[in-house]
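Please examine the sequence and the three-dimensional structure shown below.

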Amino acid sequence: MTVSATSQYRWLLPWLVPLFSYLVVGVIDQVFWLPWVERVARALPPDDPLFDWGHVHLPDFNHLSYIGDFLPLFPLLYSLFFVGVHKTLPCFTLLAIGVLIRMFSYGMTILPTVVPRCREAWHSQHLGPLELDFVGGCFDLVFSGHTLWVWMFVHHAAWRSKHRLPSILILYSYGIAAAVFVAASKMHYSVDVFLSVVISGLLCFGFYDKVGFIDEYAMKSKHM
């Protein structure tokens with residue numbers, strides 16, 4: 001049977017769809033939605049940060065907050081090596097869904113920022129006519145994107161790895177430590193971190209099979 005030109009490239013779908021979906025949603029969030037909400041937030045009267053239990057009782061790691069950008073690397077690499085690339089790719093589609101949920105959440109109700117005196121020091125980056133906002137803004141983002149990334153791959157790799165018990169022990173210990181660090185860095189409220197853990201679990205366990213159909217479709221097409 002002659003294989004059509006389209007069928008020959010269907011094996012690329014499990015790679016392109018998850019990565020492209022996250023890229024599109026990420027660009028919309030960072031380039032258009034976040035700056036718009038930021039402009040709205042700047043026009044509001046300044047509010048003091050809300051009381052936060054974690055900020056009162058946890059050590060202050062604000063000066064180390066840049067480490068948060070690297071926290072997702074360990075569970076991501078663990079997932080790629082011990083679960084597999086193809087089985088990990090759907091997680092990027094789930095992350096795109098998570099970012100969409102967050103976009104609607106922080107756009108509906110603008111909560112005061114966790115950063116004191118944020119309006120006095122905040123400035124966005126500009127790329128030509130575009131106003132970019134890569135690190136949030138002077139308002140709360142409802143749940144933590146860094147924690148969402150960490151725990152998406154923690155949930156995924158811990159339960160889908162061949163070495164389940166050691167994976168659960170290693171990854172969940174890491175995930176808890178990472179969540180505590182994000183809360184202690186005081187770039188998010190503690191509830192933002194908690195919600196990220198819950199939402200990543202709901203997405204990972206409730207919708208993974210729903211987005212994994214792309215891989216199955218590509219595999220069937222490969223053998224046609």
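This is a predicted model: local features need pLDDT of at least 70, side-chain atom pairs count only at pLDDT 80 or more; totals for chains, interfaces and linings use all residues.

Residues are numbered from 1 along each chain as its sequence is written, and side-chain values use heavy atoms, with hydrogens and water left out.

The protein contains 11 helices and 2 strands; helices (H or I, at least four residues) and strands (E, at least two) are DSSP runs numbered from the N terminus. Read from the N terminus, the order of elements is α-α-α-α-α-α-α-β-β-α-α-α-α. Of the contacts (heavy atoms within 4.5 Å) with a separation of 6 or more, 87% join residues 24 or more positions apart. Of the 224 residues, 44% are buried, where buried means under 20% relative accessible area, exposed over 50%, and partly exposed in between (1.4 Å probe, protein chains only).

Helix H6 (residues 90-108) packs against helix H8 (residues 145-160) at an angle of about 145°, their axes lying 11 Å apart. Axes are lines fitted to C-alpha atoms, for helices over the stretch in contact, and angles run from 0 to 180 degrees between N-to-C directions. The residues in contact include Phe92, Leu95 and Val99 of H6 and Trp149, Met152 and Phe153 of H8.

Phe153, which lies in helix H8, is buried because its relative accessible area is 0%. Leaving aside residues up to four places away in sequence, Phe153 touches Pro75, Leu76, Ser79, Thr88, Cys91, Phe92, Leu95 and Ala158. The C-alpha atoms of Phe153 and Cys204 are 8.5 Å apart, although 51 residues separate the two along the chain.

A second pair is formed by helix H9 (residues 164-184) and helix H10 (residues 190-211), whose axes come within 8 Å and cross at roughly 145°. Tyr172, Ala179, Val182 and Ala183 of H9 meet Ser190, Val193 and Phe205 of H10.

Is Leu23 buried or exposed? Leu23, a residue of helix H2 (residues 13-42), is exposed because its relative accessible area is 52%. Together with Phe20, Val24, Val27, Ile28 and Phe32, Leu23 makes a nonpolar surface patch of about 550 Å².

Technical notes
Patches are made of residues with over 30% relative accessible area and no salt bridge: like charges are joined within 9 Å, nonpolar side chains (Val, Leu, Ile, Met, Phe, Trp, Tyr) within 5 Å. Accessible areas come from the Shrake-Rupley method with a 1.4 Å probe; for residues, only the protein chains shown count as cover. A salt bridge is a side-chain nitrogen of Lys or Arg within 4 Å of a carboxyl oxygen of Asp or Glu.
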